[in-house]
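Hi there,

Here is the structure I promised to pass on to you.

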Amino acid sequence: MKAKIEDSLREIICNLYSKNISNINDISLNLQENKEKAHGDLASNIAMVLAKPLGKSPIEIAKQIIDQYEIDKEIINVEIAGPGFINFFLSKDSISEVLREIDQKKQHFGKKVSCEQKVLIEYVSSNPTGPLHVGHGRGAAFGSVLSDLLREAGYEVDEEYYVNDFGRQIDILALSLWVRYAQFYDKNIQMFSDGYQGEYLIEIAENLKRNNADAFFIKDEDIHSLFNSDNDKGENFVDSLVEKIKVKLGKDYSQIKEFAVQEILKLIKSDLTEFGVNHNSWFSESSLYAEDRNSEFRVKKSIEELKAGGFVYEKDNAIWFKSSKFNDDKDRVLKRGSGDFTYFASDVAYHIDKYERGYEKILNIWGSDHHGYLPRVKAALEACNKDRDKLEVVFVQFASLVRSGKKVSMSTRSGEFISIKELMDEVTPNAARFFYINRKADQHLEFDLDLAKEQSKDNPLYYIQYAHARICSVFRKSKIDEDSLSEADLNLLDSERETEIIKSLGQYPKIIERAANSYEPHLICYFLRELSASFHGYYNNEKFLIEDEDLMKSRLFLLKGIKQVIQNGLRVLGQRAPKEM
RNA sequence: GCCCCGUUAGCUCAGUCGGAUAGAGCGCUGGAUUCCUAAUCCAGAGGCCAUAGGUUCAAAUCCUGUACGGGGCACCA
């Protein structure tokens, strides 16, 4: 309908003004839905836009346009209003047309046909040094819902988790695990200050002991004494500690390290699964360091590539990338003086790999504390002749928890973060997912635990689901075959409320499209909430199971449409649409 | 100091990529249930859209400055 009006408008404008305005086809008609019903159903601002170039008043132009406009069965009236808007009034039939469309397309209403474009979404990617906490939850929920949303919008989506199983943090993890393990044999050994203090490592150490008995225990008083020192702080201390243990344990060390990473990944995966988050790809950072026959590995190769472009130099014993050539604030180190590669070096190789896998779109979901990191990654991609705009990053702000109106205090340092597992035990995974995405990603989020648990209209998820359950209940009571409703006379749906709801249903596909294009799944939450509110109002004001069978059928047909759209929307959000509550 | 993001009702937040009288929920005030789920609904009060300029037919929306808040500026990840 909209397209039809646009076409005729454009034709009229071309006929009238093409000799006055050269690039008339470039002018946007900006046909939009009206919120005020007195203004009709659709409006165009074209007369006002043309006023300046034509040197005429908008009203005059609007008059010329509507003189040419042909009224028909579908567009029953055209008016000029306000400063020069052209308002279009549609017939009831063409408004309620959408109900038939929903009836036909069912769960596919709002879904776009495949555009055959592949997208990679990388998200969570939390270090495998401990279980996920609530800080990771938002990125997890967001990435997961966005993936489904993009699928709904026609994309083919891969969801990837980048596993940082390489580098210093992992050594510290391995060392921490060894300490917990050694404590079974010598109670005097203490965890060093910078070690991972969390209790999960004790459990993992138990598993390690169960599998290997005391095979990894070192009977060496000198080593033991290292873990009793009071001044055990600082990077140097830890690094030398790692070195000593590495030497002592020999090849056992890498076994312990792998065991630690694998066990923690198990924890992470099980949490994600419970949370409804399913990555189909796990990319290991250490694979970027795996040497081939020629002792080549991908990090090395990507640095060679940068070097070939002349963007690499040596300074103070370290190897640097000239990222400042490409819009970064300063140059960045790829390989430290110590001989270790930086995390950034891995990331260059990793992103090159993403590009080489042939995606049309590459999306990263990052915590907003990483925003300063993006320019250097883009710089590296540009230096390697990759299209830097293909990579897009959505930054997700922090979430704080609120309980009984007060912020729950958390600090990374003391490890007092509430785990995602605890959150799910308290508010259910689905509620958590919904509340995480019920805000724009770049906004701070206050996650109200009490609200998420509440079973009332204050809880938007509950409110939406209740609308669905109520409709199902009406159908149960009616004992009517839903398929028989297709013959309903939609002209009987002529109240203001009904028209409003029908129009709102018609907006759904556009909401999906817009939410997908701008990576804003929260739009769906708000849409569903409003739709549910309209329904609840309708429900309280009209009866559906009535004597007048024709009217009953047409109302039920409308309810059926609402039910379908709520179902579709909730499905995209990864939520259930319960039949009863 | 430099760079990102934000600032809308007492609180938590939307706001159709510039449109007509700025919207929800909570909270507050007052109502609705012999009836399809009151797990709901209806009505009322509540606004200098942080601030000062600019762009234009039109600005909460775009541009610039200022104030305030959050984050980032490592041979950490």
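Let me begin at a helix end: Asp548 caps the N-terminal end of helix 20, with a side-chain oxygen 3.2 Å from the backbone nitrogen of Asp550. Such a polar contact is a pair of N or O atoms within 3.5 Å; within protein, one must be able to donate a hydrogen and the other to accept it, and residues adjacent in sequence count only if both atoms are side-chain atoms. Helices (H or I, at least four residues) and strands (E, at least two) are DSSP runs, numbered from the N terminus.

Before going on, two notes on the conventions. This is a predicted model, in which local features need pLDDT of at least 70 and side-chain atom pairs count only at pLDDT 80 or more, while totals for chains, interfaces and linings use all residues. Residues are numbered from 1 along each chain as its sequence is written, chains are lettered from A and ligands numbered from 1 in the order in which they are written, and side-chain values use heavy atoms, with hydrogens and water left out.

Back to helix 20. Residues 549-572 make up its 24 residues, and from first C-alpha to last it reaches 35 Å, close to the 34 Å expected at 1.5 Å a residue; the expected span is 1.5 Å times one less than the number of residues. Helix 20 is mostly covered, with 19 of its 24 residues buried. Buried means under 20% relative accessible area, exposed over 50%, and partly exposed in between (1.4 Å probe, protein chains only). After helix 20 comes Gly574, which has a positive phi near 75 degrees.

Because 14 of its 19 residues are buried, helix 17 is largely enclosed by the rest of the structure. At its start, a side-chain oxygen of Asn459 comes to within 3.1 Å of the backbone nitrogen of Leu461. Lys479 follows helix 17, and its phi is positive, near 55 degrees.

Now the RNA. Around RNA strand B there are 63 residues, of which Arg336, Lys457, Tyr463, Tyr466 and Ser473 come nearest; a residue is near a strand if one of its heavy atoms lies within 4 Å of it. Sugar and phosphate make up 66% of the atoms of RNA strand B that come within 4 Å of the protein. Which element gives the largest share of the surface near RNA strand B? Helix 19 does, with nine residues. Other elements that each supply at least two residues include helix 2 (46-54), strand 9 (318-321) and helix 18 (496-517).

Three polar pairs may interest you:
- Asn34 has a polar side-chain atom 3.5 Å from a base nitrogen of RNA strand B.
- Lys52 has a polar side-chain atom 3.1 Å from a phosphate oxygen of RNA strand B.
- Asn540 has a side-chain N or O atom 2.8 Å from a sugar or linking oxygen of RNA strand B.

On to the sheets, where two strands pair if DSSP finds at least two bridges between them. One open sheet has four strands in the order 1-2-4-3, with antiparallel pairing. Strand 1 (32-33) and strand 3 (75-81) stand at its edges with a single partner strand each, so one side of each has no neighbour in the sheet. Strand 3 and strand 4 (residues 85-90) run antiparallel and are joined by six bridges, and Glu79 has Asn87 in strand 4 as its bridge partner.

Another open sheet has three strands in the order 14-13-15, with mixed pairing. Its edge strands, strand 14 (406-407) and strand 15, each pair on one side only. Strand 13 (residues 399-403) pairs with strand 15 in the parallel sense over four bridges; Ala399 is partnered by Leu445, and Ser400 stands opposite Glu446. Strand 15 (residues 445-448) has Leu445 and Phe447 on its covered face, and Glu446 and Asp448 on the uncovered one.

Best wishes
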